[in-house]
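My entries follow in the order in which I checked things.

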Amino acid sequence: MRDVNADSQRMTPPTTVVGRLAVPAGILAAVAGAFAYVGVVDPNQPGHYPVCPLLRYTGLYCPGCGGLRSAHAFIHGDLLTALHANAAAVVGYLGFAVVWTVWVVNAVRGRPWRIDPAPSLVRTLVALLLVFTVVRNLPFGGWLHP
């Protein structure tokens, strides 16, 4: 037997374009705000941001090390410095832009859209991030140090 109350409490998707764009716009506003803050408060100046605990206690670079410096350089249009600080982060920024754009296009068209990557894609991305992390901590991977 179906629970009538559960059916009536389910949220229905918004029917207007503005309603469908509310969540993507909110996400974009949050990301833009974070990037604006990093663009103004320079992570290259000591004391503004905490030090990576993995780097501090082990001397190893995590996959995120240099991400703030990368974002700062990216915002200021210095793509080479951004790639040098954290190449994986730059790929992540561009990946976010693509995913967000597809989300917005589908929202405008009224098509429901869900991110549901294939398990093989997730495993591949995790493997690439692990390789990036290992290589940047090896002697020949010094070019990947932030």
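Predicted model: local features only at pLDDT ≥ 70, side-chain atom pairs only at ≥ 80, totals over all residues.

Residues are numbered from 1 along each chain as its sequence is written, and side-chain values use heavy atoms, with hydrogens and water left out.

**Helix packing.** For H2 and H5 I noted an angle of about 160° and axes 9 Å apart, where axes are lines fitted to C-alpha atoms over the stretch in contact and angles run from 0 to 180 degrees between N-to-C directions. That makes H2 roughly antiparallel to H5 (under 35 degrees is roughly parallel, over 145 roughly antiparallel, 65 to 115 roughly perpendicular and the rest oblique). I then listed the residues that meet, contact being heavy atoms within 4.5 Å: Leu 28, Val 31 and Phe 35 are among those from H2, and Tyr 93, Phe 96 and Trp 100 are among those from H5.

H4 and H5 pack at an angle of about 100° with their axes 7 Å apart, and these two helices are therefore roughly perpendicular to each other. Here the residues of H4 include Ala 71, Ala 73 and Phe 74, and those of H5 include Ala 82, Ala 89, Val 90 and Tyr 93.

**Aromatic pairs.** How many aromatic pairs does the structure hold? I found three, a pair being rings of Phe, Tyr or Trp (its six-membered ring) with centres within 6.5 Å, stacked if the planes are under 30 degrees apart, edge-to-face if over 60 and tilted for the rest. Phe 35 is partly exposed at 23% relative accessibility, whereas Tyr 93 is buried at 16% (buried is under 20%, exposed over 50% and partly exposed in between, with a 1.4 Å probe and protein chains only). Ring pairs also join Phe 35, Phe 74 and Tyr 93 into a cluster.

Tyr 37 and Tyr 49 form another edge-to-face pair, 6.2 Å centre to centre with 85° between the planes. Tyr 37 lies in H2 and Tyr 49 in the loop between H2 and helix H3 (53-58), so the pair ties together parts twelve residues apart in sequence. Tyr 37 is partly exposed at 46%, and Tyr 49 is buried at 18%.

**Nonpolar core.** I next looked up the largest nonpolar core, which has nine residues, including Val 38, Tyr 49, Ala 71 and Tyr 93; such a core is a set of buried Ala, Val, Leu, Ile, Met, Phe, Trp, Tyr and Cys residues joined through side-chain atoms within 4.5 Å. Helix H4 (67-75) and H5 each supply at least two residues of this core, and H5 gives the most, with four.

**A last check.** Trp 143 lies in the segment after helix H6 (119-136), and I noted Trp 143 as exposed, with a relative accessible area of 57%.
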